[in-house]
Amino acid sequence: MKKHQPRRRLFSLTLRQQNIAAGYLFSLPFILGFVFVFLYPTILSAVFSLNELVITKTGYALKYVGFENYRHVFQVHPTFIRDLTETTINMLSQVFWVLVFSFFAAIVLNQKFRGRLIARAILFLPIIMASGIILKIEARDYMTGILEYGMESVSTFLVTPALSVYLSKFQLPDALIENILAAIESLPNIIRSSGIQILVLLAGLQAIPSSLYEASEVEGATAWENFWLITLPMVSPLILTNIIYTIVDYFTSPSNLIVTNIRAAAFGTLGYGVGSAMSWVYFGVIGTILAITFLIFSRFVFYHE
Amino acid sequence: MAAAQHKRYWKRNLPGYGWSLVRAVILIGVCYIVIFPILTKIASSFMSRNDLWDTTVVWIPRYPTLRNYELAWQYMNYPRAFWTSVKLSFIVSALQLASSTLVGYGIARFHFKGAKLLFTLAIVTLIVPPELFIIPLFLNFRYFDLLGLLPAKLDLINTVWPAVIMAATCTGPRNSLFIYIMRQYFKGMPRDLEEAAYVDGAGSFRTFYRIMLPAAVPAMVTVFLFAFVWQWNDYYMTQMFYSSATTLPMMLDKLPNSVLGMRWESSLPETSLLNNTGSLLLIAPLVILYIFLQKYFVESVQRTGITGQ
């Protein structure tokens, strides 16, 4: 073995340099894309937000207006701040319920039962269906509205009153009850936006080594203890992934109120400048929320190994 | 004795049966909610105008008709739009697959300065709302000169190039998710595989092509399916950069207008019938594809290491 030592070191030295070069080469598409397609336009948009943009024959011209566009967003625009607050609050509730539902669904789909394949196939359908133009059409479709009304009236007249009576027995705070009832009303929406999250968690559940459960069974642990001490810690990184994904998905969905606002501003009478300013304010809010989420939840995340 | 045994049997198994029942009820309910939009579309696609005004008709049309299908097929120019969509989706998803596989491999398996930074940046592009840079990007493609590197300004709007450029550089919508999937997958592969190839004298690219790529097929199938489906349904990017493209979503978006003319906005019910029929025609190929591939799809996601373990 010793005889090979120097030769190996020499080999690995050149390999190291090769390695670095190859690493950059492989990553080149993204480096180029990041600079040209992402970074440069993003910087431009920051510049636009401080200017008024005028389209000319040969291109476009900028007229510096300072923070006027931001002033417009905060003080002049009639609904932006209200919409932003509303979107953020709805997002928080959506994230919570999507998380709860996808966790539950993943655990159920991970159990063995007849028809499991069909159930999985159906639950992952929204990944295909709920994107692009379909979402746009469904959002304001007449027939969907009518038929969904039938379904909703069942929940409004039967389920909701019964449940609110039941919940009030526990003397929970009214705000919580309202939130739960609202979640039940928007259940279809929550279920349909959980496809990817279920997929991620299901894959995570299946990656937990069965030896852990076997060992704990030998020790005499209950299913309840297994859940809290094995399942939950083992998938906790994925819960964080899911929280982040859900936030991003909600904030970037084209049916989102703010996105509509931004588009109306940018391509309407308010101009690119105001549109850019809106998107920066919006991005600031998303960034802050993501950072806070990450800071809070990464303390609870357990990394195996 | 027998009765006691019987009792014990039920005591042990009853909670299990109870749970099975609860599970079945919940799953059926949830599945119903998921396929509800499809049922809506199917039901309304067979309705005629008379059914719309008949209050006894909820799900099953009384005067079923294929008229909606005929109109949608004809005005969407279905066969032609179908091929346009197939071509565009195939080009875009193949490029996205190629670029994200390369980049995922690069940042997963080579130790160079900035590999981690690149991965972080990829995640950042995922969480930035497209609205932030879509307008400057539009202007970039409208007056395309690569930051002044090209002698003349090219107008790439309404060509396939913006889609190609974005796909080839991993910067399409949610493209970073594919880098993430590939990176996690390559991270999880044993080092010995590569080292054996290196010791045999194979270069980085040969190793990648001969050894790593065949082993990464499950993750690549997942990425390709996601990319294909999202491009197939995409409306936002196409409308922004390639609005003359006659893909199915673009035709579907125009469908009520092209059938009903100016009155489409005032006749919501008829618009709805057309939209629902058109949506069915749009997703039908995907659903057929999905039925054949779903087992592979679910399994491949489980093996992709999307889980980050």
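## Elements of the two chains

Helices here are DSSP runs of type H or I with at least four residues, and strands are runs of type E with at least two, each kind being numbered from the N terminus. On that basis chain B of this predicted model reads, from the N terminus on, α-α-α-α-α-α-α-α-α-α-α-α-α-α, which amounts to 14 helices and zero strands. The secondary structure of chain A, for its part, consists of 14 helices and two strands.

In chain A, which has 305 residues, 32% count as buried, while in chain B, which has 309 residues, the buried share is 40%. If contacts between residues at least 6 apart in sequence are considered, 72% of those in chain A link residues at least 24 apart, and in chain B the corresponding figure is 73%.

## Domains

Chain A is assigned a domain 1 that covers residues 2-40 and a domain 2 that is made of two segments, 74-130 and 193-298. Taken over C-alpha atoms, the centres of these two domains of chain A lie 35 Å apart.

Chain B is likewise given two domains, with domain 1 spanning residues 2-45 and domain 2 spanning residues 75-303, and the distance between their centres, again over C-alpha atoms, is 38 Å. The contact between them draws five residues from domain 1 of chain B and six residues from domain 2 of chain B. On the domain 1 side of this contact in chain B there are one nonpolar, three polar and one charged residues.

## The contact between chains A and B

Where the two chains meet, 81 residues of chain A and 79 residues of chain B take part.

Sorted by class, the side of chain B that touches chain A holds 52 nonpolar residues, 22 polar residues and five charged residues.

## A helix pair in chain A

Two packed helices are described by the angle between their axes and the distance between the axes. In chain A, the axes of helix α2 (residues 68-76) and helix α14 (residues 271-298) come within 8 Å and cross at roughly 65°, and α2(A) and α14(A) are therefore roughly perpendicular to each other. The crossing of α2(A) and α14(A) is right-handed.

From α2(A) the contact uses Asn69(A), Tyr70(A), His72(A) and Val73(A), and from α14(A) it uses Gly273(A), Val274(A), Ala277(A), Met278(A) and Val281(A). By class, the residues of this contact of α2(A) with α14(A) comprise six nonpolar, three polar and no charged.

## A helix pair in chain B

In chain B, helix α3 (residues 67-75) and α13(B) have axes that come within 10 Å and cross at roughly 105°, so that α3(B) and α13(B) are roughly perpendicular to each other. The residues that make the contact are Leu71(B), Ala72(B) and Tyr75(B) on α3(B), together with Leu255(B), Ser258(B) and Val259(B) on α13(B).

This contact of α3(B) with α13(B) contains five nonpolar residues, one polar residue and no charged residues.

Definitions and conventions: Residues numbered from 1 in each chain as written. Chains lettered and ligands numbered in written order. Predicted model: local features only at pLDDT ≥ 70, side-chain atom pairs only at ≥ 80, totals over all residues. Domains from an automatic or database assignment. Contact = placed C-beta atoms within 7 Å. Nonpolar A, V, L, I, M, F, W, Y, C, P; charged D, E, K, R; others polar. Axes fitted to C-alpha atoms, helices over the stretch in contact; angles between N-to-C directions. Parallel < 35°, antiparallel > 145°, perpendicular 65-115°, else oblique. Left-handed = near helix turned anticlockwise from the far one by under 90°. Buried ≥ 20, exposed ≤ 12 C-beta atoms within 10 Å, placed from the backbone.
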